Amino acid sequence: MNAPVTPAAFETGHFEDSRFTVPGIRCAGCIAKIERELGKHSAIDSVRVNFSAKRVAIRHLPELDDDNLIAALAGLGFEAQRLDDNPVAEDVSEARLLQRSLAVAGFGMMNVMLLSVSVWSGAEGSTRDLFHWLSAIIALPVIAYSGRPFFASAWMALRNRRTNMDVPISIGVLLATGLSLYETVAGGGHSYFESAVMLLFFLLAGRTLDAAMRSRTRAGIGALLSRMGRSAQVIGPDGRLQSIAAEDLRPGMVMLVAAGEALAADGIIEQGSTSIDNAMLTGESRPEARVIGDEVHAGATNLTAPVRVRITAAASDTVLAEIARLMDEAGQSRSRYVRIADRASRLYAPAVHSLALLAFIGWMIAGAGVHQSLVIAIAVLIITCPCAMGLAVPAAQVVTTGALLKHGMLIKDGSALERFAEVDLAVFDKTGTLTMGAPAPDLSSLDDDARRVALALSSASCHPLSTGLAVALRDAGVVSAELSDIAERSGEGVFASWRGIDVALERPDTAQSEIAVQLRIGTTRTVVNFTDPVRTDAGQTMAVLDATGIESRILSGDASDAVARVARELGVHARAGASPQDKLETLEHLHRQGRRPLMVGDGINDGPALAAAHASIAPGSASDISQQAADAVFTGSNLMPVAVTVRGARACAKVVRQNFGFAIVYNVLAVPLALAGLVTPLIAAIAMSASSIIVVANSLRLRSLVR
Amino acid sequence: MSGLLVLIPVALGLGLLGLATFFWAMRKGQFDDLDGAAHRILIDDEDSER
């Protein structure tokens with residue numbers, strides 16, 4: 001199944017490895033096409049597609065660089081991006097460590113349990129001692145290896161004078177191990193090695209699931225990130241074009257921005273005139289005209305004609321970078337959020353530890369002796385060790401994120417899911433969030449012939465309006481007309497001749513309030529208006545949110561009449577013309593009022609608001625910066641995943657509370673037994689596995705609850 | 001009881017073997033692309049004509 005290897009590559013033997021993200025890999029055909037076609041290239045040694053991660057690893061001769069390989073992939077019809085050296089390396093190594101620890105704990109648990117069952121079934125005397133020694137020999141290295149994630153985290157927390165769930169876990173495991181070792185050496189009757197190892201196994205299972213969930217969604221989001229304005233074509237003093245990365249651009253350089261390209265720096269137009277799409281920065285969906293001397297900003301897209309721009313501000317001085325700074329500051333409040341498991345452990349750990357201490361003191365007073373009292377105190381710790389509690393949160397969250405993933409919603413982590421459950425107000429951006437963000441034409445004014453001509457003309461141009469028109473016409477099943485003498489004149493339109501008649505797709509003669517093109521056939525002129533339609537299920541989504549008790553609002557940077565129309569259509573309160581700072585202030589004001597707003601937005605101008613909101617969601621078409629700021633990203637053309645996520649997060653929170661309830665009920669039943677000194681290792685093992693199974697089974701119900 | 005002297009090392013040995021195999025599989029990247037193999041089976045092997 002490996003890709004073909006060319007003889008040429010064998011001879012030299014010096015290769016480089018490059019990895020690319022290719023979101024377009026969807027089926028077996030894509031795998032075959034990429035591996036087979038790229039493999040034929042003489043400078044490529046091997047190609048391997050990773051379908052789960054949507055990645056392609058290419059082993060090639062150094063003479064090929066990334067741009068060649070991206071071009072080769074583009075030639076096969078796949079958009080590819082260079083994968084930075086290893087952005088998710090940390091996640092992967094963490095997940096690997098957990099998997100290995102889990103495997104070791106599983107091995108240890110099985111073998112120690114085998115020996116323990118024999119002891120419980122009545123092994124006596126020297127056989128029992130032998131089995132205890134064997135258990136110790138297996139359990140000690142296993143605990144030392146598998147316990148590392150917990151010990152390290154508990155040690156970090158204690159050093160910072162805080163406590164988390166790992167502190168009671170670590171203390172419980174270490175004391176149980178210490179006591180069992182003492183019992184083994186002294187030839188006593190009870191050892192708790194199997195409880196200690198089993199506890200680690202169950203908890204590691206929860207952690208591993210949690211890590212797997214995060215790396216899966218991160219890979220999905222990484223595959224969505226687009227490349228915008230990361231480099232620019234700079235005209236050198238000798239007139240040659242040179243590609244320079246965005247961070248190396250300097251004021252005074254002149255860059256050539258082609259039509260359809262995103263600007264990488266702020267500047268002033270020196271030559272040419274064009275219209276630009278500023279939607280990412282301002283939320284304004286209508287293209288704005290720019291002529292010589294006008295200012296343009298990084299993040300905007302040049303639409304119609306190539307222009308020369310003299311850079312006035314680059315890298316960290318751009319308007320874009322200013323927004324990024326605002327976002328950094330706005331994100332501070334969210335990092336103060338304390339996760340529910342850590343909140344529970346703040347109450348739980350001191351309660352359990354003082355209970356164990358009281359048991360020790362109580363039995364000492366009752367005259368049980370140091371050894372007996374210590375055994376009982378440790379039994380209390382083992383029985384209360386938050387096995388079910390450690391699983392309560394990750395089990396529910398993993399099931400919920402898995403179910404939401406099927407709805408096209410990628411949740412970044414468990415903390416986000418907890419915050420989604422708490423929102424009480426939804427704030428939507430308009431362009432690109434409530435609407436699709438891509439203008440769609442109104443075809444009703446065109447008859448059949450006009451449609452065929454329009455398709456032929458629009459296919460000949462790569463102007464965004466033409467592309468939109470062509471897509472809509474093809475979707476309507478129109479067949480292209482035969483044209484001759486097709487010519488595109490920049491800034492004017494596409495011109496051709498059809499059955500001897502002059503036809504054109506051009507700018508409307510009269511000033512239009514809406515975005516429009518004019519189709520001219522002979523002397524007949526028809527104007528095709530473009531609208532940016534509201535997502536079909538936007539109203540329904542808001543109705544569902546409303547039923548959940550969440551009020552919806554619109555907060556847009558777009559002009560007020562466009563926003564008012566959408567707000568009327570959806571029947572919600574709206575605010576228009578908001579700058580990124582205004583949006584941020586609105587969100588902060590809501591926070592001060594004690595509200596917990598959910599922000600849904602896509603543009604760079606929404607970035608600070610997304611970071612400041614209690615929880616935030618961005619569509620897959622959003623700018624990189626917004627996708628990174630948001631807690632979740634949804635794909636597809638429906639808005640419904642937003643409502644499903646909030647409902648799912650609430651169902652998840654409910655199940656988490658139930659799980660905690662189970663854990664508490666279990667403790668209420670088991671702790672008196674432990675305090676009375678009646679808990680044997682057998683009872684501890686049964687109680688621990690039973691409570692874990694109940695919690696996991698309860699969490700699995702979420703599969704059907706999240707809809 | 002003398003059977004234990006054989007059986008316990010056997011049980012441990014098998015367990016360790018399983019563990020070693022899992023570690024080996026992980027290092028070899030067997031779990032890197034869990035969905036890919038299901039699709040690769042559908043690829044027609046053009047080279048098989050040779």
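1. Domain layout. The assignment for chain A lists domain 1 (7-85), domain 2 (90-219 + 340-396 + 651-705), domain 3 (231-328), domain 4 (409-436 + 535-635) and domain 5 (440-531); such bounds come from an automatic or database domain assignment. Taken over C-alpha atoms, the centres of domain 1 and domain 4 of chain A are 38 Å apart.

2. Basis of the note. This is a predicted model, in which local features need pLDDT of at least 70 and side-chain atom pairs count only at pLDDT 80 or more, while totals for chains, interfaces and linings use all residues. Residues are numbered from 1 along each chain as its sequence is written, and chains are lettered from A and ligands numbered from 1 in the order in which they are written.

3. Overall content. Chain A contains 26 helices and 26 strands, whereas chain B has 2 helices and 0 strands. Helices (H or I, at least four residues) and strands (E, at least two) are DSSP runs, numbered from the N terminus. Of the 707 residues in chain A, 46% are buried; for the 50 residues of chain B the figure is 0%. A residue is buried if 20 or more other C-beta atoms lie within 10 Å of its own, exposed if 12 or fewer, and partly exposed in between, with C-beta atoms placed from the backbone. In chain A, 69% of the contacts between residues at least 6 apart in sequence join residues at least 24 apart; a contact requires C-beta atoms, placed from the backbone, within 7 Å.

4. Nonpolar cores. A nonpolar core is a set of buried Ala, Val, Leu, Ile, Met, Phe, Trp, Tyr and Cys residues joined through C-beta atoms within 7 Å. The largest has 141 residues, and those touching the most other members are Ala196(A), Val197(A), Leu200(A), Ala379(A), Val380(A), Ala392(A) and Cys652(A). Helix α24 (residues 640-675) of chain A gives the largest share of this core, 16 residues. Domain 2 and domain 4 of chain A each supply at least three residues to this core. A second, separate core of 23 residues has Leu457(A), Leu465(A), Trp498(A) and Val528(A) among its members. Apart from neighbours within four places in sequence, Leu200(A) is in contact with Ala105(A), Ile143(A), Ser146(A), Gly147(A) and Val173(A).

5. A helix pair. Helix α7 (residues 166-186) and helix α13 (residues 370-384) of chain A pack at about 145 degrees, with axes 9 Å apart. Axes here are lines fitted to C-alpha atoms, for helices over the stretch in contact, and angles run from 0 to 180 degrees between N-to-C directions. On the α7(A) side the contact uses Ile171(A), Gly172(A), Leu175(A), Ala176(A) and Leu179(A), and on the α13(A) side Leu374(A), Val375(A), Ile378(A), Leu381(A) and Ile382(A). These residues divide into 9 nonpolar, 1 polar and no charged. Ala, Val, Leu, Ile, Met, Phe, Trp, Tyr, Cys and Pro count as nonpolar, Asp, Glu, Lys and Arg as charged, and the others, Gly among them, as polar.

6. The interface. In the contact between the chains, 18 residues of chain B meet 20 residues of chain A. On the chain B side, α1 (2-27) and α2 (36-40) are the elements that give two or more residues, and α1(B) has the largest share, 8 residues. That side comprises 11 nonpolar, 3 polar and 4 charged residues.

7. Ile31(A). This residue lies in helix α2 (residues 28-39) of chain A and counts as buried because 24 C-beta neighbours lie inside 10 Å. Beyond four places in sequence, Ile31(A) is in contact with Ile25(A), Val49(A) and Phe51(A), and with Gly36(B), His39(B), Arg40(B) and Ile43(B) of chain B.

8. Pro580(A). Which residues does Pro580(A) touch, not counting residues up to four places away in sequence? They are Ile323(A), Leu326(A), Asn605(A) and Pro608(A). Pro580(A) belongs to helix α21 (residues 580-592) of chain A and is buried, with 24 other C-beta atoms within 10 Å.

9. Backbone points to check. Most residues other than glycine have a negative phi. Asp485(A), in strand β17 (residues 484-489) of chain A, has a positive phi near 55 degrees; Asp485(A) is exposed, with 9 other C-beta atoms within 10 Å. Arg499(A) has a positive phi of about 50 degrees and sits in the loop between β18 (493-498) and β19 (501-506) of chain A. Arg499(A) is partly exposed, with 13 other C-beta atoms within 10 Å.

Note on methods. Two residues are in contact if their C-beta atoms, placed from the backbone, lie within 7 Å.
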